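Please consult the sequence and the structure alongside the text.

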Amino acid sequence: MLKRYQFIYVLLVMIGIATHASAIDIAKDGKPLATIVLATDASAPQKHGADELASFLKQVTGATFTIAAQPDSGLAGIYVGPTAAKMIDPAFSVDGLGTDGLIIRTVGNDLILAGGETRGTLYAVYSFLEDDVGCRWWTPTEATIPSKPTLSF
């Protein structure tokens, strides 16, 4: 009897994973499929993070990404910073993260890159670029930036 319940549990977990495993499209054939969303009152490190994200995504995909205070309907949103994240998740919080903690999370077809003040959001951007996009910085003058005109994660 226990094995039947274990089987049902595993099946339900697999169904849950399958329904949440859809990809978020960032660019297709060198055209942007996402907008970088930054709150109008974003801090200087958050603004720098959004600028760095746009710059490196352009280098990777060839697409020019817009940084805006509101998402573009029909496109995925990449929400940079805690205030921007609250636009799609009003309960979003960075409490307890300290100055360096970060959160990389999806909400539907959108992405949140945020963290504690002062460096957390910037660290979230760089972590995403390294871990999900494949950028590598070896020294201040040497980097490996992949070429991916179509980018999903």
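A residue is called buried when its relative accessible area is under 20%, exposed when over 50%, and partly exposed in between (1.4 Å probe, protein chains only). The model is a predicted one, in which local features need pLDDT of at least 70 and side-chain atom pairs count only at pLDDT 80 or more, while totals for chains, interfaces and linings use all residues. Residues are numbered from 1 along each chain as its sequence is written, and side-chain values use heavy atoms, with hydrogens and water left out.

Helices (H or I, at least four residues) and strands (E, at least two) are DSSP runs, numbered from the N terminus. Strand β5 covers residues 76–80; five of its five residues are buried, so the strand is largely enclosed by the rest of the structure. On one side lie A76, I78 and V80, on the other G77 and Y79, and all are buried.

Two strands pair if DSSP finds at least two bridges between them. Strand β3 (residues 34–38) runs parallel to β5 and is joined to it by five bridges; here A34 stands opposite A76. Strand β7 (residues 110–115) is also parallel to β5, with three bridges between them, and Y79 is placed opposite I112.

**A buried aspartate**

D110 belongs to strand β7. A salt bridge is a side-chain nitrogen of Lys or Arg within 4 Å of a carboxyl oxygen of Asp or Glu. A polar atom of the D110 side chain lies 2.7 Å from the backbone nitrogen of G77.

**The salt bridges**

By this rule there are two salt bridges.

| Pair | Closest N to O distance |
|---|---|
| R105 and D89 | 2.3 Å |

R105 lies in strand β6 (residues 102–107) and D89 in the loop between α3 (82–85) and β6, so their pair ties together parts that are 16 residues apart in sequence. R105 is partly exposed, at a relative accessible area of 32%, whereas D89 is buried, at 18%. In the other pair, R119 is partly exposed at 36% relative accessibility, and D100 is partly exposed at 35%.

Conventions:
A polar contact is a pair of N or O atoms within 3.5 Å; within protein, one must be able to donate a hydrogen and the other to accept it, and residues adjacent in sequence count only if both atoms are side-chain atoms.
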